[in-house]
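Subject: A structure to look at

Dear colleague,

Please open it first, and then read the notes below alongside it.

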Amino acid sequence: MTENEFDELWQRAEAESYSQRLAKEYPAWRRKQNRIVTVVTSFVVVLAVAVSLFTIQQRQIRTYEKVYCNRVGTADAQWADLAAEMLME
């Protein structure tokens, strides 16, 4: 047996034991990967829901851009209250 043949056999033996170890550890590795993907996906979904709820809440805040009134008898105090509320926003 030449040195090259010996090296080749040695490499095959190492590769076989390495591949058996990888095959044995693969199911545990795959479960871990699935768990990580599930956690990341859950986080993204929760974040998306939180952002959408926040934007909906922001849209529901009353904003006054213009005020129209066709009533003549509106008291000045009501206009002052309305102006104060608009300035507070």
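Predicted model: local features only at pLDDT ≥ 70, side-chain atom pairs only at ≥ 80, totals over all residues.

Arg-21 forms a salt bridge with Glu-25, in which the closest N and O atoms are 3.9 Å apart. The two residues both lie in helix 1, four residues apart, which is about one turn of the helix, and Glu-25 is partly exposed as well, with a relative accessible area of 42%.

A search of the whole structure finds two salt bridges. Another pairing joins Arg-12 to Glu-8, where the closest N and O atoms are 2.5 Å apart; because these residues are four apart in helix 1, about one helical turn separates them. Glu-8 is partly exposed, at 44% relative accessibility.

Turning to the nonpolar side chains, Ile-36, Val-40, Phe-43, Val-44, Leu-47 and Val-51 make a surface patch of about 550 Å². Phe-43 sits in helix 1, which covers residues 3-60, and it counts as exposed because its relative accessibility is 56%.

As for the whole protein, it has two helices and zero strands, and of its 89 residues 1% count as buried. The protein exposes about 8700 Å², of which carbon and sulfur atoms supply 60%.

Note on methods:
Residues numbered from 1 in each chain as written. Heavy atoms only, no water. Patch = residues over 30% accessible without salt bridge, like charges linked within 9 Å, V, L, I, M, F, W, Y side chains within 5 Å. Areas by Shrake-Rupley, 256 points an atom, 1.4 Å probe, with all protein chains shown as cover. Salt bridge = Lys/Arg side-chain N within 4 Å of Asp/Glu carboxyl O. Buried < 20%, exposed > 50% of the residue type's maximum accessible area, 1.4 Å probe, protein only.
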